[in-house]
Amino acid sequence: MSVLVFLDHAEGKIKKTSLEALSYGADLALMLGLSVNGVLLGTVSDDLGELGKFGAKKIYQLAKDALNQLDVQQYVRLLAEIVKSLDAKVIIFSNNVSGKALAPGLSAKLKAGLVSGAVKLPDISNGFVVKKSVFSGKAFANVAIKTEIKIIALNPNSYKISEKGGSASVEGLAIEDGMPRTKVVATTKASGEVPLTEAEIVVSGGRGLKGPENWGMIEELAHLLHAATACSRPVADAHWRPHNEHVGQTGIAIAPNLYIAIGISGAIQHLAGVNRSKVIVVINKDPEAPFFKAADYGIVGDAFEVVPGIIEAVKHLHSTS
Amino acid sequence: MKFLVCLSKTPDTTTKIAFKDNNTKFATDGVQWIINPYDEWYALVRAIELKEKDPATIVHLICVGKEDSDPIIRKALALGGDEAIRVNVEGRDSFFVATQIAEVAKKGSYDIVFAGKETIDYNGSSVGGMIAALLDVPFVSLATKFELNGGTATITRLIEGGEESDEVNVPFVVSCQKGVAEQRIPNMKGIMGARTKPLQVVEEVMADALTSFVSFDLPPAKAGVKLVPADNPAELVRLLHEEAKLI
Ligand SMILES: Cc1cc2nc3c(=O)[nH]c(=O)nc-3n(C[C@H](O)[C@H](O)[C@H](O)COP(=O)(O)OP(=O)(O)OC[C@H]3O[C@@H](n4cnc5c(N)ncnc54)[C@H](O)[C@@H]3O)c2cc1C
Ligand SMILES: Nc1ncnc2c1ncn2[C@@H]1O[C@H](COP(=O)(O)O)[C@@H](O)[C@H]1O
């Protein structure tokens, strides 16, 4: 019996969100008196033994290059076999793009209850109850998993990566993989430097910025803070910015440590996707903008004057620290 | 081609979220119900667009829910679905709902099952992937573009840090999000026509719920905004550095 963490990877590297999942799995294993192991389908250049630092005892790997591209149907079949053969009792995914594709399928295959969008360790004082984000971040639900095998998909940036020391042994798996049914025919990289869902800081612009030509200062601030860029829905609808930057109830939901909203009014549908951010900064020329009610820090002022001032101050901070 | 489009009923996006009965139930008094935006704007509209290109295509709608789901089903018929099926039971959890839909999908031998990226109330992102596993067919999640050529689809999906294009043959399940289509508004002809389109009610099949809701809570209220004067942006940077310790 063990806790098994799915290790997601791209371009030869384990994703940061998987290290969050591993840290979560390690702490959960401690609560349950079990050990925590990782499972990886495909090949990476990272040293898997190093994952012991985060508490993993063993890393099970099905080391085939063909598996570096996600084919959901095949992955789900392989994972179901692996879970059964290892007698894993709790399986942890990150609720990222891969987790959203895989965890539901595994849940249905194994008839194992799934809570996706988990934000905390389960409460095991009375059953097994997991807190998850619902209503696009406007509330939380406590959901009991009633089955013997349990699956949790942890929201990105909800759990701190923690190093516990130690090293993991790597074990190869011998399971036949088949022909993929979904073929990846092309991939393109987003223009931004930091992927939005993994970013700790996000700089976001709204219609108050007047036009796409004014995004230079947003990108410069994001670059200085090592942040991702985002935008409100009308900005993406007007094609000022790409769709993959649209955050909110009908866009991407994010929970960075710091969200800086510039020229965004703070409509309820926008807030829904960003209000799990730990700290929110709002820059808006209208003191009545609803966003100020959800903010931790704010400046009432013209973005075209305030943002260059912030950029100068950040440069100054970097040069003095 | 035969399509099955999943429709879920969700509270309007402006709904104030509150709970009752000792925080064990969502307070539905006065709530306006809508078709889950991902289902209506993207999954349904794309299915209809594909039917417009190939009129031999059949678009069926499915909703797991009681009678109070009929208004949203009629709206989807007005937008262009051909027929609807309602499984007459309140959803208990994602697996329960997925099992009901998979059953209908199996019987109707559909080529493509369309789901939304997620419901805006439960945010499960689960039902689509579960249906695919229950039918043992491919699942392409989070589509932002969807082209169909004969029995082969080319689907662009958002991945971390970029996009990926996949090729897949029917039958399969796809979950749709922004980019796949543009929101439409039903016209008068559609609304009139929807009244007489078939809406078949079927009874549930036996299925387990694997999870259950225990309670809800609201996030703690914010302490209030700390305002910095517009002529002193350096003070904001100092606070973020020294007080919040984030930069
Ligand atoms: C069903 C539904 C779903 C939706 N989903 C989403 C979603 O997912 N995400 C989303 O973002 N929206 C969503 N919306 C839209 C949402 O309701 C708002 O219309 C939208 O968020 C407004 O975008 P905005 O704040 O950029 O623009 P506006 O509301 O036009 O606000 C612009 C702001 O900029 C300020 N401003 C103007 N000039 C300056 C300046 N020089 N300096 C500083 N500030 C300035 C103004 O005071 C104003 O507050 C949805 C709507 C519906 C009906
Ligand atoms: N009760 C339901 N009836 C029909 N389709 C549903 C139902 N619940 C969810 N779905 C579909 O599954 C998708 C994902 O839902 P969820 O897993 O709840 O986030 C939705 O966008 C719908 O397309």
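Predicted model: local features only at pLDDT ≥ 70, side-chain atom pairs only at ≥ 80, totals over all residues.
A nitrogen atom of ligand 1 is 2.9 Å from a polar side-chain atom of A:Lys210. A nitrogen atom of ligand 1 is also placed 2.9 Å from a backbone N or O atom of A:Val247. At A:Gly263, a backbone N or O atom is found 3.1 Å from an oxygen atom of ligand 1. On its own, ligand 1 has 980 Å² of accessible area, and the protein covers 81% of this.

The side chain of B:Asp39 places an N or O atom 2.5 Å from an oxygen atom of ligand 2. For B:Asn36, a polar side-chain atom lies 3.1 Å from an oxygen atom of ligand 2, whereas B:Gly124 contributes a polar backbone atom, 3.0 Å from an oxygen atom of the ligand. Of the 490 Å² that ligand 2 exposes when taken alone, the protein buries 94%.

The interface between the two chains was considered next. The size of an interface is often given as the accessible area lost when the parts come together. Between chain B and chain A, about 6,900 Å² is buried, and carbon and sulfur atoms give 60% of that area. Three residues, B:Glu160, B:Lys178 and B:Lys222, account for 11% of the area that chain B buries against chain A, more than any other three residues. In terms of contacts, 87 residues of chain A meet 77 residues of chain B.

Polar and charged pairs also occur across this interface. Between chain B and chain A, 34 residue pairs are in polar contact. Seven salt bridges are found across the interface of chain B and chain A. One pairs B:Glu167 with A:Lys183, with 3.8 Å between the closest N and O atoms. On the side of chain B that touches chain A, the elements giving two or more residues include helix H1 (37-53), helix H4 (127-135), strand E9 (139-149), strand E10 (152-159), strand E11 (162-169) and helix H6 (233-243) of chain B. H6(B) gives the most to this side, with 8 residues. The residues on the side of chain B that touches chain A are 42 nonpolar, 19 polar and 16 charged.

Over all chains, the whole structure holds 36 salt bridges. Side chains of opposite charge can pair when their charged atoms come close. Within chain A, the side chains of A:Lys64 and A:Asp177 form a salt bridge with an N to O distance of 2.7 Å. These partners are 113 residues apart and link distant parts of the chain: A:Lys64 belongs to the loop between strand E5 (58-62) and helix H2 (72-86), and A:Asp177 to the loop between strand E11 (169-172) and strand E12 (182-189).

Two features of backbone geometry complete the description. In chain B, B:Val170 and B:Pro171 are joined by a cis peptide bond with omega of about -5°. B:Pro171 is located in the loop between E11 and strand E12 (172-176) of chain B. In chain A, A:Lys111 has a phi near 50°, a positive value in a residue other than glycine. A:Lys111 occupies the loop between helix H3 (97-110) and strand E7 (113-118) of chain A.

Conventions:
Residues numbered from 1 in each chain as written. Chains lettered and ligands numbered in written order. Heavy atoms only, no water. Polar contact = N/O pair within 3.5 Å; in protein donor to acceptor, adjacent residues only side chain to side chain. Areas by Shrake-Rupley, 256 points an atom, 1.4 Å probe, with all protein chains shown as cover. Contact = heavy atoms within 4.5 Å. Buried area = accessible area lost by both parts, 1.4 Å probe. Salt bridge = Lys/Arg side-chain N within 4 Å of Asp/Glu carboxyl O. Helix = DSSP H or I, 4+ residues; strand = E, 2+ residues; numbered from the N terminus. Nonpolar A, V, L, I, M, F, W, Y, C, P; charged D, E, K, R; others polar.
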